[in-house]
Amino acid sequence: HFPTTSSVASAAGNKQENGVIFFIHGGGFLGNFCASDLRILSQWSELTNAGIVEVDYSLIPARWPTALQECILAYKCLCYGRLGFNARRIAVIGDSNGGGLAVSMILSIIKDGLRVPDALILTSPILSLRQNYPTTSRLLFNMDPLVPMNLIVQLTKYYLVPSLCDDENDPLI
């Protein structure tokens, strides 16, 4: 996959000069629920007068760090004007595992000295894929009927490749 802009962005017209919402979807690295995202993204675009970029990153069976690299690439393309935008302001929004990707992407771009977004909004972010340390949110996942902890554990096993990543020490995981 190459990161793509949504149809909302192409219809944004002069919105691109004001700002861009850079959206990283959730879906547990398993799915992209673009149809449901488009409704809320359209509303955000109208409310903020901003264009939208939704990153269509690779899903399972792609492994770490493919999705992160694609998010970074899309963000760089946005900053360098290669997606048709000349945005004065950029807001990064990450949903669920997209929230974890957003934070990892921003840590990477800070390290590389690139433009930092003007805003970061996270909705129900999964900020760590580490399995060894119980946290309050991880314990609450055990009771979550929609996204049970067992599902997160199984998806993480498919996504992370032990020989390619150090999930205990890498802050981007």
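Author: Let me start with pairing: two strands pair if DSSP finds at least two bridges between them. Strands (E, at least two residues) and helices (H or I, at least four residues) are DSSP runs, numbered from the N terminus. This is a predicted model, where local features need pLDDT of at least 70 and side-chain atom pairs count only at pLDDT 80 or more, while totals for chains, interfaces and linings use all residues. Residues are numbered from 1 along each chain as its sequence is written, and side-chain values use heavy atoms, with hydrogens and water left out.

Reader: Okay, and which residue is the bridge partner of Val20 in strand 2?

Author: Val20 has Gly51 as its bridge partner there. Strand 1 and strand 2 (residues 51-55) run parallel and are joined by five bridges.

Reader: What does strand 1 do with strand 3?

Author: Strand 1 pairs with strand 3 (residues 90-95) in the parallel sense, again over five bridges, and Phe23 stands opposite Ile93 of strand 3.

Reader: Is strand 1 mostly covered or exposed?

Author: Strand 1 (residues 20-24) is mostly covered, with five of its five residues buried, where buried means under 20% relative accessible area, exposed over 50%, and partly exposed in between, with a 1.4 Å probe and protein chains only. In a regular strand the side chains alternate between the two faces of the sheet. Here Val20, Phe22 and Ile24 lie on one side, Ile21 and Phe23 on the other, and both faces are covered.

Reader: Switching to helices, which residues of helix 7 are buried?

Author: In helix 7 (residues 149-159) the buried residues are Met149, Ile152, Leu155, Thr156 and Tyr159. They sit on the same side of helix 7 because they cover an arc of only 125 degrees around the axis, the arc being that of the directions from the helix axis to the C-beta atoms.

Reader: And what is on the face turned away from that buried side?

Author: That face of helix 7 carries Asn150 and Lys157, which are exposed.

Reader: Where does Leu122 sit, and why does it count as partly exposed?

Author: Leu122 belongs to strand 4 (residues 119-123), and Leu122 counts as partly exposed because its relative accessibility is 30%.

Reader: Last one: how many helices and strands does the chain have?

Author: The chain has seven helices and four strands, arranged along the sequence as α-α-β-α-β-α-β-α-β-α-α. Of its 173 residues, 42% count as buried.
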